[in-house]
Amino acid sequence: MSNNSLDEVEEKMYSLVSQIDYGDISDLDVYWQALAVALLKLEIEEWHKPKTKVVSEILNSIPTAHISKSFKERTKAMEILSKKGSSGSFDLADLKSLQVQAVRFEKEFEKLIEMLRGK
Amino acid sequence: MIIEHYLLNKLHNTPGFTDKFDHFQASSNEVILFGSYAMECDTAGSDIDMLFVCNEKNYKDEYLDFMCVSEERLHLKSWLGSELANHIAKYGIWLKGSGNWKTSVFISKSSVDRKKIKILTRLSHLWVKQVNADRSLLISLFEDIILDSYRLILLEDGRAIPASAIVRTMFLGDKQNIFVRLAEDRYLGSIWREYISNLFPNIELEDLDKEIRLSLVK
């Protein structure tokens, strides 16, 4: 596994979480897509890369037991909330919910990156 | 401890401070004073910036700006790499707790990128609203953009951002032409040149730099 590719995934993930934490939700799709593109650059044994730029679908396709069901579900839920942000139908409760989920998302994503680094 | 005691006595004179502070600090593992009061450059209009490590909601009024960060978030890189975490780690005064995390802060690429986006957003507002029709208004609105741009330079150099009054003093003491500097690729590059030539047509960058400095001194 190339460390450069993993570093890029990590940086894109932090950018996404930071953007959510900052409360700037109008262009979250840009950050999700950048993370998806970085993930698709990874080379993982026995992984058939999906033809999608949806992060939750990419995570679903990675052949590892280290991606928990709750992590995948959280990612999907965050994507749905993020879409509300770009459509303007987003309220403060949605933002708070997204921010709380983003903290868990970052922790779970860090575990995945460490696993892929072979730590 | 003498400084902390002196500062707390000073803060207790602020309307509403004691009640709110007691409430927040009781449920917090760490309490940190930051911003202008911590750097002793507060003025009559300054609010009191504090970070509480707790699970409460943020609180803001005319005098107080209390931010809350959960213990869980405190050790994540999205927090440790933020502009705020770096400011607090370098300039904050701990009133409660140890602040073990402050040695782990770093300036993340996303913090630098966010500052670039903020500057470009403001420039696009000026451009869309065609504020350049009124030169004195444009220069006055540009003051904040220039100070934010100077923050970008500090962040890109890996430095924590001090309180606003100190940023202003640092900028005025730094004689490099900021309009030329920001056109470097590592800051804003060609997009900066485009905005400046559009907003300030037919003006030499040397003259523009002098004009903005004079405006900031006033």
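**Figure 1. Helix α4 meets helix α5 in chain A of this predicted model.** Here α4(A), residues 69-87, packs against α5(A), residues 92-117, at an angle of about 140°, and their axes lie 10 Å apart. That angle makes α4(A) oblique to α5(A) (under 35 degrees is roughly parallel, over 145 roughly antiparallel, 65 to 115 roughly perpendicular, the rest oblique). Axes are lines fitted to C-alpha atoms, for helices over the stretch in contact, with angles from 0 to 180 degrees between N-to-C directions. Helices (H or I, at least four residues) and strands (E, at least two) are DSSP runs numbered from the N terminus. The two helices cross in a left-handed way (the near helix is turned anticlockwise from the far one by less than a right angle; clockwise is right-handed). On the α4(A) side, look for S70(A), F71(A), R74(A), T75(A), A77(A), M78(A), L81(A), S82(A) and K84(A). Their partners in α5(A) include L98(A), F105(A), E108(A), F109(A) and L112(A) (contact means heavy atoms within 4.5 Å). Sorted by class, this contact holds nine nonpolar, five polar and five charged residues (Ala, Val, Leu, Ile, Met, Phe, Trp, Tyr, Cys and Pro are nonpolar, Asp, Glu, Lys and Arg charged, the others, Gly among them, polar).

Residues are numbered from 1 along each chain as its sequence is written, and chains are lettered from A and ligands numbered from 1 in the order in which they are written. Local features need pLDDT of at least 70 and side-chain atom pairs pLDDT 80 or more, while totals for chains, interfaces and linings use all residues; side-chain values use heavy atoms, without hydrogens or water.

**Figure 2. The largest pocket draws its lining from chains A and B.** About 1,600 Å³ of space sits in here, and 44 residues line the pocket. Zoom in on the centre and you'll find D21(A), Y22(A), N58(B), M67(B) and L84(B) nearest to it. From chain A, α1 (3-22) and α5 each give two or more residues to the lining, as do several elements of chain B, among them β4 (64-69), α6 (109-128) and α7 (135-156). The largest share, seven residues, is down to α5(A).

Figure 3. The elements giving two or more of them are α2 (28-40) and α4 of chain A. Four of the lining residues are nonpolar, three polar and four charged.

**Figure 4. Helices α6(B) and α7(B) pack together.** Their axes are 9 Å apart and the angle is about 165°, which means α6(B) runs roughly antiparallel to α7(B). The crossing is left-handed. Among the residues that meet are V112(B), I119(B), L123(B) and L126(B) from α6(B), and L138(B), F142(B), I145(B) and L152(B) from α7(B). Overall the contact counts ten nonpolar, two polar and eight charged residues.

**Figure 5. Helix α8(B) crosses helix α11(B).** The axes of α8(B), residues 164-173, and α11(B), residues 205-217, come within 11 Å and cross at roughly 140°, so the pair is oblique. This crossing is left-handed. R168(B), F171(B) and L172(B) of α8(B) touch I212(B), R213(B), L216(B) and V217(B) of α11(B). That contact has five nonpolar residues, no polar ones and two charged.

Key. 1 Å grid on protein atoms, 1.4 Å probe; cavity = no way out; pocket = protein on both sides within 12 Å on 5 of 7 lines; lining within 4 Å. Points joined across faces, edges and corners; volume = space filled by probe spheres on them.
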